[in-house]
Amino acid sequence: MFNAEENGVDAGRYTTNSQSIQFGPWHISYDVSCILPSVCSTKVVCERDDDQFCQFCIYCKELKIPHFPDMVFPKNVLKLAHESGSAISFNPLDALKCVASTADAIEVSCAEAWQEARPNAEKPKRPFDWTFSTNYKGTLTDNVVVEATNEAINFELLKQKEQILFYHDLTLFEDELHDHGVSKLSVKIRVMPSYWYVLLRYFLRVDDVLVRSNETRMFHMLNTDYVLREYTVKEAEAKDLSIPTSMMKDADDVIPILPVVQKTMHKLIMKQPEPLA
C-alpha cells in the first residue's frame, strides 16, 4: 500500500503551497500543488524492483480503473489532525479508489464518444464508470469511531456572520467528459471562531442525460468531542429538469433543485489513546 501524500520518487517536482491553523485540539492544514502527469516521469527508477515509484505509477498500481480524470491533483490534500492521534483527510487517490468498476446504462450512454476522444487510452477490458462517480466521504484513521446519529448539522449557525479564520477550496480531480459535461470532486474548509466546517462535493453533469451530486458535510463545534457527518446524494435525469443541462455551468445553481435520493448522518468520535499502565 502506497501513501500518495508522502511517497513518490518524483516528490521534489511537486512544489506545494501549504497553510495551516491550530483550532483547539485540531491542527488543520492543506497542501496545493500541480497536476498529475499523464506518463511515468522516472521510468528507470519505477521499473526497478524496490517499491519506489513516481506519482503516476503509484496511481496506476493503486487504482483499478483504466483511465484517470483529465486533471488529477495528487498533492492536493486537506487534513484535520486531532491531538488524540486521530485524523480526517481528503485526497484524490482514496477518492478514485471508490470509483465503481461497473457502469449502468446512464453512465455509458456517451461512452463510445468518450473512447473515441482518447485513442491512446487502453480500451477497458472490463466495465468502467467513465464519469468517475465516487461515494468517497473522506479518509479516517482507525481510531475514529463512527456512530449513527439523529443529530443534524445546525445550518442556521452556519449562516451567522462570524470572522473567517481559515478558508480554502481544493480541487481533487476534474474531467470534462470530452465536452459531454463535467465530473468534479472538490473540498472546502472553513474555520470560524466557534467551529470548523468541511464540504466535500462530487458533482456530475452529463449533458442531456443526468445531473448528480454526492456531498459530505462535516461540522465540529469548539469544546465538543465529536464531529457530525452528513452524506447526501441528489440526482435527476435531464428530462425531469426545467433547464437544459448544458446551461448548468455552476453546481451551486442546480444542486438545490435536485431531489434527494439518499441521506445518512453519523457522529465521528476521536478515540483517545489508552493510558499507560
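These are my notes from looking through a predicted model.

**Sheets.** I started with the strands. I then followed β1 into β2 (residues 26–32): 7 bridges join the two, and they run antiparallel. Ser 18 sits opposite Asp 31 of β2.

The other open sheet I looked up has 8 strands, ordered β3-β8-β9-β10-β11-β12-β13-β7, and its pairing is antiparallel too. Here the edge strands are β3 (71–72) and β7 (144–148). I picked out β9 (residues 181–191), which pairs with β10 through 11 bridges in the antiparallel sense. Arg 190 faces Tyr 197 of β10 across that pairing.

**Core.** Next I went to the largest nonpolar core, which holds 50 residues. Which members touch the most others? I got Ile 28, Leu 78, Leu 80, Ile 88, Phe 90, Trp 196 and Val 198. Strand β10 (residues 195–206) is the top contributor, giving 6 residues to this core.

I zoomed in on Leu 80, skipping its neighbours within four places in sequence. Its contacts include Trp 26, His 27 and Ile 28, then Ser 86, Ala 87, Ile 88 and Phe 90. Ile 189, Trp 196 and Val 198 are also in contact with Leu 80.

**Helix α2.** Last stop: is α2 (residues 55–62) mostly covered or mostly open? Mostly covered, as 6 of its 8 residues are buried. I noted them down as Gln 55, Phe 56, Cys 57, Ile 58, Tyr 59 and Glu 62.

Note on methods
Residues numbered from 1 in each chain as written. Predicted model: local features only at pLDDT ≥ 70, side-chain atom pairs only at ≥ 80, totals over all residues. Heavy atoms only, no water. Core = buried A, V, L, I, M, F, W, Y, C linked by side-chain atoms within 4.5 Å. Buried < 20%, exposed > 50% of the residue type's maximum accessible area, 1.4 Å probe, protein only. Helix = DSSP H or I, 4+ residues; strand = E, 2+ residues; numbered from the N terminus. Contact = heavy atoms within 4.5 Å. Pairing = 2+ DSSP bridges.
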